[in-house]
Amino acid sequence: NPGTPVNKDTNGYAMGVTISGNYAYVADSESGLAIIDISDPTNPGTPVSRDTNGNAYEVTISGNYAYVADGVGLAIIDISDPTNPGTPVYTDTQWNGQTLSCCPYGQGVAISGNYAYVGMSTIGLAIIDISDPTSPGTPVYKGTIAAFYGVTISGNYAYVASNTSGLAIIDVSDPTNPGNPVYKDTNGNSYGVAISGNYAYLADDASGLAIIDISDPTNPGTPSYVNTNGNANDLTISGNYAYLANDNSSLAIIDISDPTNPGTPVYRDTN
């Protein structure tokens, strides 16, 4: 029985969000990064903005830095003082000598160890050494056969929501020489991915939630599905529940305590 939403507007279009401590970090499209104090979630603070050169589509936090998938590449912002974020440092992502820009989808970012994994729209995965966040390294690329919509890292593997190709799994045990993708197709278009235990969960557009056994990442299992009332665009996992951004149905919450027999979605509409 989820509660009534509390809203806090931002200057741009909120495309992605992550939480760290008492702050929400919002990838705010043309307005860059928006930082909101949520120490009282019932009364969130006024957003603090840090503009970026491109359109911010996704953000993740590691240590004192925000890593923003920014259309023109990766923007790294010092957030040691969230009320006064630093000037962005950029890494251009290039393919065959051409800087890639991104459409208003098809880009995500994940951090694992000393590397940032950045999705590059129709190209695939860019891997960037961030051992020194003030001077990131040159990207290493691994292409995927369909548009790139999101990435998460678990163990030695990158799990990519790869649009019409479903789930792509890439061995990144050596981030400087990633392996070739292994694919498992889904019924819909995969837009977001999260890992919990031995299962990958995908926001699979009109197919709702797709669940895939990845106990053997080199041979993923056949997807099972939970239909949702809208088109599933992204998701996150917390405990025994999957939370899906579900288009016109807003938030869909699904009990995944038994991934082989997930529960019926519960919905909460937003404005």
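In which loop does D205 lie? Select residue D205 and you will be in the loop between β20 (199-203) and β21 (209-213), where strands, numbered from the N terminus, are DSSP runs of E with at least two residues, and helices are runs of H or I with at least four. Before going further, note that this is a predicted model, in which local features need pLDDT of at least 70, side-chain atom pairs count only at pLDDT 80 or more, and totals for chains, interfaces and linings use all residues. Residues are numbered from 1 along each chain as its sequence is written, and side-chain values use heavy atoms, with hydrogens and water left out.

**Two positive phi angles**

Stay on D205, whose phi is near 60°, a positive value in a residue other than glycine. Most residues other than glycine have a negative phi. D205 has a relative accessible area of 16% and is therefore buried; buried means under 20% relative accessible area, exposed over 50%, and partly exposed in between, with a 1.4 Å probe and protein chains only. Next select S29, in the loop between β2 (23-27) and β3 (33-37), where phi is near 55° and again positive in a residue that is not glycine. S29 counts as buried because its relative accessibility is 7%.

Colour β19 to β22, four strands that form an open sheet in the order β19-β20-β21-β22 with antiparallel pairing; two strands pair if DSSP finds at least two bridges between them. The edge strands, β19 (192-196) and β22 (224-226), each pair on one side only, and neighbouring strands of this sheet are turned by 25° against each other on average, direction ignored, the axes being lines fitted to C-alpha atoms (for helices over the stretch in contact) and angles running from 0 to 180 degrees between N-to-C directions. Zoom in on β21 and β22, which pair in the antiparallel sense over three bridges, with A210 standing opposite Y225 in β22.

Now move to the open sheet of four strands in the order β5-β6-β7-β8, where the pairing is antiparallel. β5 (58-62) and β8 (89-92) stand at its edges with a single partner strand each, so one side of each has no neighbour in the sheet. Strand β7 (residues 73-78) is joined to β8 by four bridges, and G73 can be found opposite D92 in β8.

**Aromatic pairs and an exposed loop residue**

The structure holds four aromatic pairs, where rings of Phe, Tyr and Trp (its six-membered ring) pair if their centres lie within 6.5 Å, and planes under 30 degrees apart count as stacked, over 60 as edge-to-face and the rest as tilted. Show Y149 and Y191, whose ring centres are 4.6 Å apart and whose planes are at 35°, so the pair is tilted. Both Y149 and Y191 are buried.

I145 counts as exposed because its relative accessibility is 66%. Leaving out residues up to four places away in sequence, I145 touches S165 and Y183, a contact meaning heavy atoms within 4.5 Å.

**Confidence**

Finally, colour by pLDDT, the predictor's confidence in each residue, from 0 to 100: the protein chain averages 91, and 94% of the residues score at least 70. Over residues 98-106 the pLDDT is below 50, although this stretch has 26 contacts in the model beyond near neighbours in sequence. Where pLDDT is low, the predicted coordinates should not be read in detail.
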